[in-house]
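Could you walk me through this model, one region at a time?

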Amino acid sequence: MTKPVVLIAEELSPATVHALGSEFEIRNCDGTNREELLKAIADADALLVRSATKVDEEVFKNAKSLKVVARAGVGLDNVDVAAATYAGVMVVNAPTSNITSAAELAVSLLLATARNIVPANFALKNGEWKRSKYTGIELSEKTIGIVGLGRIGVLVAQRLSGFGVNLIAYDPYVQPAKAASYNVKMVSLDDLLEQSDFITVHLPKTAETAGLIGEEALKKVKPSVRIINAARGGIVDETALFNALKEGRVAGAGLDVYSSEPCTDSPLFALDQVVATPHLGASTDEAQEKAGIAVAKSVRLALSGELVPDAVNVSGGAIAKSVRPLLPLVEDLGRIAAGLVHESIIRVHVEVQGEVVDNDLKILETSALKGLLTQLISEPVSYVNAPNLAKDRGIETSLHGTPESLDHKVKITVEVTTTNGEVASASGTVVGQQSLIKLVGIDKYDLDVAISENMAFIKYGDRPGMMGIVGGILGKANINIANLQLSRDTKGGNALIALTVDSQIPMDVLNEISSAMQASFARAVNLN
């Protein structure tokens, strides 16, 4: 059997290859060599990069088998996520791999600017003993302004708290009570600019944050302020910062990122009061190893057809821990529901009951579509392309949640509607520490059966002898029954048999059962 090809386009830690395991064919290329990359990507199933390889529309057009692009780091500036999504390629990164390293570098730059460590080091190595020239300031009792109180901002706050500082922060998405748990006071951006002795930036670069610390902002700061940017280049306007430093309106700066990289020639580099490093935020052995291992695990999941929690182009955003075990359940429910009808499906509705509704459940719509479309079409279906494939086929989706669930901790129903108005549904739940997925309903019929690879459902008029017919015909066909469950609406009314069997039931065998039972409905569903 041919192994999936994993193309590594930049130098990654040995732990990355080890984490991938032996199930893949590992190839290497120079991602910065365009011709080499486009040739190598042709038959690759996965592409692993860092920050130097440009993964754009041209790459996706040349990739015939590509299923996932993994960036061993946080940023995705070098990956065209929109083009990847259009091509049905999952994009993953390692969002938490370097947060400790980035936070520690920010603190290092802040301390270096406070004590003039870099120019004093250069002077001494040049034979100059200049103690009086490089007098610095203490952090104790100073006000540190943190712009962006996300994961890295919080780590910076925790590390600086031991210096006896006053911590304030600006972040429109963080509640004051949450910040208070880190001993941080939330303030407006103007208040932060006016009050801070040090300002450290920890925001993503977006249209809203580009140039946030610019000319106008720098008119509001103390002349003694030191500004640190180890987040993304361009959030601090470098020209405005240079002018403020030259004019004495800012006392110092520590920079690890720049608006254009690589940056080797900036007026800022000529200033003694600027400490500059070449984007070293993630450049620790630990961060590189964490990033490599994280994306290797993501690649393994993606190539096995599973959802990757760190996928950035899958509808639904971050997936809560309590939601993740529901994904295979909903996918199977989608496949079962699709197998219950013959006509074209025009609508899919996902109904969620239980406390899990407190989380973002959008991903469950995608999971239901992935299962449903896998059952209906021959082309590959992924969490990335399922919404677009459904849209192309005119399938509408909806989702509703309610916190009440009478019989189960969580219950999910996937309901499909066809072009002729036929409606069918499959309901399920997850039980136990092993997250066993169970089918608990088909349409109005209650069940309690573990979902299996091969299942069948038969509706008929309730009367004696029907079980024997099913067992006899399947026995004659050498098909072993693993589980058989009967559900009926009323005594002598309508009934439904749910079967799990050890091998797929051929259509002619199913038709024989249906005819012998005078069934109104008989469907076999294979979930392989």
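Here is a tour that starts with helix pairs and ends with the backbone.

What you have is a predicted model, where local features need pLDDT of at least 70, side-chain atom pairs count only at pLDDT 80 or more, and totals for chains, interfaces and linings use all residues. Residues are numbered from 1 along each chain as its sequence is written, and side-chain values use heavy atoms, with hydrogens and water left out.

Let's begin with α5 (residues 99-115) and α7 (residues 151-160), which pack at an angle of about 50° with their axes 9 Å apart. Helices here are DSSP runs of H or I with at least four residues, strands are runs of E with at least two, and both are numbered from the N terminus. Axes are lines fitted to C-alpha atoms, for helices over the stretch in contact, and angles run from 0 to 180 degrees between N-to-C directions. α5 and α7 are therefore oblique to each other; under 35 degrees counts as roughly parallel, over 145 as roughly antiparallel, 65 to 115 as roughly perpendicular, and the rest as oblique. The contact (heavy atoms within 4.5 Å) includes Ala 103, Val 107 and Leu 110 of α5 and Ile 152, Leu 155 and Val 156 of α7. By class it has 10 nonpolar, one polar and three charged residues. For these classes, Ala, Val, Leu, Ile, Met, Phe, Trp, Tyr, Cys and Pro are nonpolar, Asp, Glu, Lys and Arg are charged, and the others, Gly among them, are polar.

Now jump to α16 (residues 466-476) and α17 (residues 507-517), with an angle of about 155° and axes 10 Å apart. That makes α16 roughly antiparallel to α17. Among the residues in contact are Ile 469, Val 470 and Ile 473 of α16, along with Val 509, Ile 513 and Met 517 of α17. This contact has nine nonpolar, no polar and two charged residues.

The axes of α13 and α14 come within 7 Å and cross at roughly 40°, which makes α13 oblique to α14. Gly 334 and Ala 338 of α13 are among the contact residues, as are Ala 368 and Gly 371 of α14.

α13 gives the most, with five. On a 1 Å grid over the protein atoms alone, a pocket is an open set of points with protein on both sides within 12 Å along at least five of seven lines, a cavity is a set where a 1.4 Å probe fits but cannot get out, and lining residues have an atom within 4 Å of a point. The pocket holds about 880 Å³ of space, a volume being the space filled by probe spheres set on the points, which are joined across faces, edges and corners. Of its 34 lining residues, Ser 304, Gly 305, Glu 306, Lys 370 and Tyr 383 lie nearest the centre.

Finally, the backbone. A cis peptide bond joins Glu 261 and Pro 262, with omega about 0°; Pro 262 lies in the loop between β11 (252-255) and β12 (274-276). Glu 141 has a positive phi of about 70° although it is not a glycine, and lies in the loop between α6 (117-125) and β6 (143-147).
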